[in-house]
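Subject: Structure handover

Hello,

Here is the structure for you to look through. Please open it first, then read my notes below.

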Amino acid sequence: MKKILQISLGIVTSVGGFLEIGSVMTAAQAGAAFGYQLLWAILLGTLCLIFLVEMSGRLAAVSKHTIVEAMRERFGFPFFFIVLIGMVLVAFMVLVAELGGIGLSFQILTGIGFPWWAAPVSLLVWLLMWKGTFGLIENGASLLGLVTICFIVAAIKLRPDWSSAASGLVPTMPHMDKAHYGFIAVSILGASISPYLMYFYSSGAIEDKWDESYIPINRLIAGLGMTFGGVLSMAVLVTAALALRPRGIQVDAFDQAALLTTTALPKWGFYLFAMSMLFACFGAALEISLAIAYFFAQGFGWNWSEDLEPSKDARFSLVYTIIILLAAIPLVAGIDPVKVTMVSMALTAATLPLAIVPFLFLMNDPIYMGKHRNGWLSNSVVAIVILISFVLAVISIPLQIIGG
Amino acid sequence: MNLVRDVLDKKLLDREDCPMGRVDGLVMHVGERSQPRITHIRIGGSTPWMRVHPAFAKLGAKLARLWGPRRTEPVRIPWSHVVTAGRDIKLDVKARNTGALDWEIWIAEHIIERIPGGGQEEEE
């Protein structure tokens, strides 16, 4: 019974980690501009993420090391430092986007501009990290994120043509706007394959004291949780294809995305969209802030745990305090969170090789993995993901300039 | 033992399993008539930054003189204190007495404990 509860909570947590402002905005833009044609990008991103998250959990359960710890030990400080710079810069931008997403949710609910919400929202996120435990952050925020199921309800109510939708699962090129199509595809992959999610997941496995007996549970959580998250993203795309595309609405602003749910659910759709984005972004902001603090603490060998009181892991607590404070500044200044989202998703794609290449080595290292090393299937998938990540790294910035 | 693979960059734990940083560097004694041997583990200070570029080490040392516990020299732990070298390196020392936690203690006392809810540093 305890294990079933753990699996259920794990799946819910995965959903909370998957759906955030990046995945919603990129999926909504894809559906509004190209109908079902970009569903394959979400499918591909989800499949990659299932394997990567499963490996993150397995590494932690078997070796009792997080990805960052193992990476520093296996590749040394200079390599760790390069990854630290890349990952923290990108994760910081994603954090700005998520805090902005919470602010924008309050803006459409209250009419008060998001810059006014930046400080109180950041304070609330920080306060939860300061006083809360890992369990509260992992499970509490994610349970609230379940309101995002409204996107599936909205998609079904709009009666999609399932055979047309299924044809979108096979990649095809559009006749026009090829650069924009490419940019959105890259952004969807950047939003799906989020390295911070892997760092958070492996740290969570250590916080929850996983051992080798958790390997089957980890497989279920990664498989079902990420699939559920991917289905939610696909529901956003399908809803956008049916609700926004016929009206020629391109999702350039957050309030346009609210039309996703209001078409299918006229009475409650607006509030459900606002609450979905609020909780999803809130959960993601907590996870990213923690992931950045974990990165520093684990890499430098500091004491770290979200369950300790802040003075017991002072440097860890100071990192998330400073990061949240810094992330609030551009929002108070009025930077557009949607633009930050799109840039940060493309940059995530550009830095993917840094996060994924070390994985191939770590998951085949007998010292860390023993008999639980990667098999041929997992290695083939990582090799494919690495190939994709290098292609994304090369094309993401030019596509950002031409098609963004 | 492969020093780079099995020792360098590993996590250091004191006798109470308290994390006290990572093996940022190793000091080797090379005598004229004796075999080279590892004498000390170096933690923090400019040691890890020197491995990236000397400019980073200089910048780090400058910043450390301006702010914090003003410790600029890396901590040196004699190799004789190493108890086990496995997944982590276990040392027969108390982390607080080595200087490896100077920054942790300084940040706790000067910043974290001054914020409500930050908690109190445990008295020895």
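How many residues does the contact take from chain B and from chain A? It takes 25 residues from chain B and 22 residues from chain A. Two residues are in contact if their C-beta atoms, placed from the backbone, lie within 7 Å.

Some ground rules come next. This is a predicted model, in which local features need pLDDT of at least 70, side-chain atom pairs count only at pLDDT 80 or more, and totals for chains, interfaces and linings use all residues. Residues are numbered from 1 along each chain as its sequence is written, while chains are lettered from A and ligands numbered from 1 in the order in which they are written.

**The side of chain B that touches chain A**

Four elements of chain B each supply at least two residues to this side: strand 1 (11-13), strand 2 (19-22), helix 2 (47-52) and helix 5 (102-110). Helices (H or I, at least four residues) and strands (E, at least two) are DSSP runs, numbered from the N terminus. Helix 5 of chain B gives the most, with four residues. By class, this side of chain B has 10 nonpolar, five polar and 10 charged residues. Ala, Val, Leu, Ile, Met, Phe, Trp, Tyr, Cys and Pro count as nonpolar, Asp, Glu, Lys and Arg as charged, and the others, Gly among them, as polar.

**Chain B itself**

Chain B has five helices and seven strands. Their order from the N terminus is α-β-β-β-β-α-α-β-β-β-α-α. The C-alpha trace of chain B spans about 60 × 35 × 20 Å along its principal axes. Chain B has 124 residues, and 30% of them count as buried. A residue is buried if 20 or more other C-beta atoms lie within 10 Å of its own, exposed if 12 or fewer, and partly exposed in between. Take the contacts in chain B with a separation of 6 or more: 45% of them join residues 24 or more positions apart.

**Helix 4 of chain A and its partners**

Look at helix 4 (residues 67-110) of chain A. Its axis and that of helix 17 (residues 352-362) of chain A come within 10 Å and cross at roughly 170°. Helix 4 of chain A is therefore roughly antiparallel to helix 17 of chain A. Axes are lines fitted to C-alpha atoms, for helices over the stretch in contact, and angles run from 0 to 180 degrees between N-to-C directions. Angles over 145 degrees count as roughly antiparallel, under 35 as roughly parallel, 65 to 115 as roughly perpendicular and the rest as oblique. The contact of helix 4 with helix 17 of chain A has 10 nonpolar, one polar and one charged residues.

Helix 4 of chain A also packs with helix 16 (residues 337-350) of chain A, at an angle of about 150° and with the axes 9 Å apart. These two helices of chain A are therefore roughly antiparallel too. Their contact includes V90(A) and M93(A) of helix 4 and P337(A) and V340(A) of helix 16. Its residues divide into 10 nonpolar, six polar and no charged.

**Cores**

Which residues touch the most other members of the largest nonpolar core? They are L99(A), L237(A), A240(A) and L260(A), in a core of 157 residues. A nonpolar core is a set of buried Ala, Val, Leu, Ile, Met, Phe, Trp, Tyr and Cys residues joined through C-beta atoms within 7 Å. Helix 14 (residues 269-300) of chain A gives this core its largest share, 21 residues. A second, separate core has 14 residues, among them L13(B), M20(B), V23(B) and V75(B).

Most residues other than glycine have a negative phi. D177(A) is not a glycine, yet has a positive phi of about 55°. D177(A) sits in the loop between helix 8 (162-167) and helix 9 (178-192) of chain A. It is partly exposed, with 13 other C-beta atoms within 10 Å.

D9(B) is not a glycine either, and has a positive phi of about 75°. Its loop runs between helix 1 (3-7) and strand 1 of chain B. Is D9(B) buried or exposed? D9(B) is buried, with 24 other C-beta atoms within 10 Å.

Finally, find M129(A) in helix 5 (residues 114-131) of chain A. M129(A) is buried, with 21 other C-beta atoms within 10 Å. M129(A) and S317(A) are 188 residues apart in sequence, but 8.6 Å apart in space, C-alpha to C-alpha.

Best wishes
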